[in-house]
Amino acid sequence: MNATIADVDAWEVLDSRGDPTVRVAVEAESEDGRQRGVFTVPAGASTGAHEAAERRDGGDRYGGRGVRGAVEAARAELAPAVRGMDVTDQEAVDAALERCDGTADLSRLGANAVLGVSGAVAHAAAVARGVSLVEYFAGLAGRAPGRLPLPMVNLLSGGLHATGGVEIQDFLAVPVGAETYPEALETVHAVRCALRERIVDGGDRPLVADEGGFAPPLESVDGAFTLLETAVRDAGHEPSLDDVAFAVDVAATHFYATDVGEYRLESLDRTLDREGMLDLVAGWAERHPLVSVEDPLAEDDWEGFAALRSRLTGTDVQVLGDDLLATSVGRVEQAVEENAASAVLLKPNQAGTLTRTLEVVGTARDAGLATVASARSGETCDTTIVDLAVGVGAGQIKIGSLARSERLCKYNRLLGIGRETEAGYAGGRWPPADEY
Ligand code: 2PG
Ligand code: MG
């Protein structure tokens, strides 16, 4: 059945930080009638220099964060560029969007405008084909839908997600021992409740940061791990590589002073060079059940990443590239060449189109790198990232804490996919099953 793109509409909505973002609706037309798809673009706070360029209006409105320009670009330029095209030909549609923008980083019209259309097209295409979005993404990746991914759940927040806290952005629980996805949620829920109690007992308020993680004052990174280990034990689990392990997103780019080449951990009263950071991270891995470290160094320190990989040889610790890889095929290829990472974070809005995102999955797979689907710190109740994760068979997912509806809707969508598809579970072990 042929379904062609008839209408593209875009408008401004507000995300989980109350900031504007782009929502796009695409309507396709076929002999069966009209098929509608809606997608809302997420937004990062700790954005890297190599991401596709999000467009903001500047000026006074919404503190400069309005997206009227991106919305207008979607309606006035991207819509005519794709109208009449086959809605199920994602590659051709994305190529037309890229051509229309004309820049590599999609900065002319805005990557938020481009991804908005790309995502809404996928939703409309799934409806036109009469398949679930998971199946649709699996088809685009040329495979059957994968298993439910192992969640990495944010427990403690810092960095740009919890201004005034510790510089390390996320401390996450990885419930490696849970045999099923629902059991993984139960485990993390118990740990999170125990953590909340410890924070309250310690005299602090259990306030949450942008992704729903707690942000109590922390005196040291080891102190954060110790607090987490206590909470895990309080919850009746073991902090270990077989039960509840940990991951960190250092997001080091955001406390790196490029001019002097130093990492400024002001809350810890420390300034470190590359070697200092390597010692710091390797030390955590020795003292705590750490399975994954994301962006431990600044986004262009390929050498530093490679050095960390060698330091961690023989351990189970995954080196995950977010700002380093920016969901870009070129950067993933470089990481493979330089042995700079063992896992790739997948953020469609870093790539700018779904096709580019799928290309990154393919490149990672070919090189044997693990894939971790990721939400952004600015989210809505859009759950596309979850369908994408299962569709392409990403072994891990990172969508924030077990708090705030823009996070829970995604955890709940995974439960729904579990019901709809009887999908297996990638977890229950470390490393999880990344499906090639
Ligand atoms: C990250 C993400 C999600 P942001 O750094 O991995 O946690 O944060 O969306 O702010 O870039
Ligand atoms: Mg990150």
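This short talk goes through a predicted model, from its domains and core to its metal site and some backbone details.

Before the details, a word on conventions: residues are numbered from 1 along each chain as its sequence is written, and chains are lettered from A and ligands numbered from 1 in the order in which they are written. Since the model is predicted, local features need pLDDT of at least 70 and side-chain atom pairs count only at pLDDT 80 or more, while totals for chains, interfaces and linings use all residues, and side-chain values use heavy atoms, with hydrogens and water left out.

Let me start with the overall layout. The chain is assigned domain 1 (4-130) and domain 2 (150-421), with bounds that come from an automatic or database domain assignment. Taken over C-alpha atoms, the centres of the two domains are separated by 27 Å, and 34 residues of domain 1 are in contact with 29 residues of domain 2, where contact means heavy atoms within 4.5 Å.

What lies between these domains? The largest nonpolar core has 139 residues, and V87, I168, F171, M277 and W284 are those with the most contacts inside it; by nonpolar core I mean a set of buried Ala, Val, Leu, Ile, Met, Phe, Trp, Tyr and Cys residues joined through side-chain atoms within 4.5 Å. Helix α3 (residues 111-129) gives the most to this core, with twelve residues. Domain 1 and domain 2 both contribute residues, so the core lies between them. When I say buried, I mean under 20% relative accessible area, with exposed over 50% and partly exposed in between, using a 1.4 Å probe and protein chains only. Helices (H or I, at least four residues) and strands (E, at least two) are DSSP runs, numbered from the N terminus.

β6 pairs with strand β5 (residues 153-157) in the antiparallel sense over four bridges, and N154 has L172 in β6 as its bridge partner; two strands are said to pair if DSSP finds at least two bridges between them. Five bridges join β6 to strand β7 (residues 245-249), again running antiparallel, and here F171 stands opposite V248.

Three bridges join β9 (residues 262-265) to β10, and R264 has T271 as its bridge partner in β10.

Now the metal site. The magnesium ion (ligand 2) is coordinated by D249 (OD), E294 (OE) and D322 (OD), at 2.0 to 2.2 Å. Donors are N, O and S atoms within 2.8 Å of the metal (3.2 Å for Na, K and Ca), and water is not among the atoms, so sites may look incomplete. Along the chain the donors follow the spacing D-x44-E-x27-D. E294 lies in strand β11 (residues 290-294) and D322 in the loop between β12 (318-321) and α9 (329-338), so this pair ties together parts that are 28 residues apart in sequence. E294 counts as buried at 1% relative accessibility, and D322 counts as buried at 2%.

I will finish with the backbone. T327, found in the loop between β12 and α9, has a phi near 45°, a positive value in a residue other than glycine, and is buried, with a relative accessible area of 2%. L106, in the loop between α2 (90-101) and α3, likewise has a positive phi, of about 60°, although it is not a glycine, and at 0% relative accessibility L106 counts as buried. Lastly, a cis peptide bond joins W430 and P431, with omega about -5°, and P431 sits in the segment after α13 (405-421).
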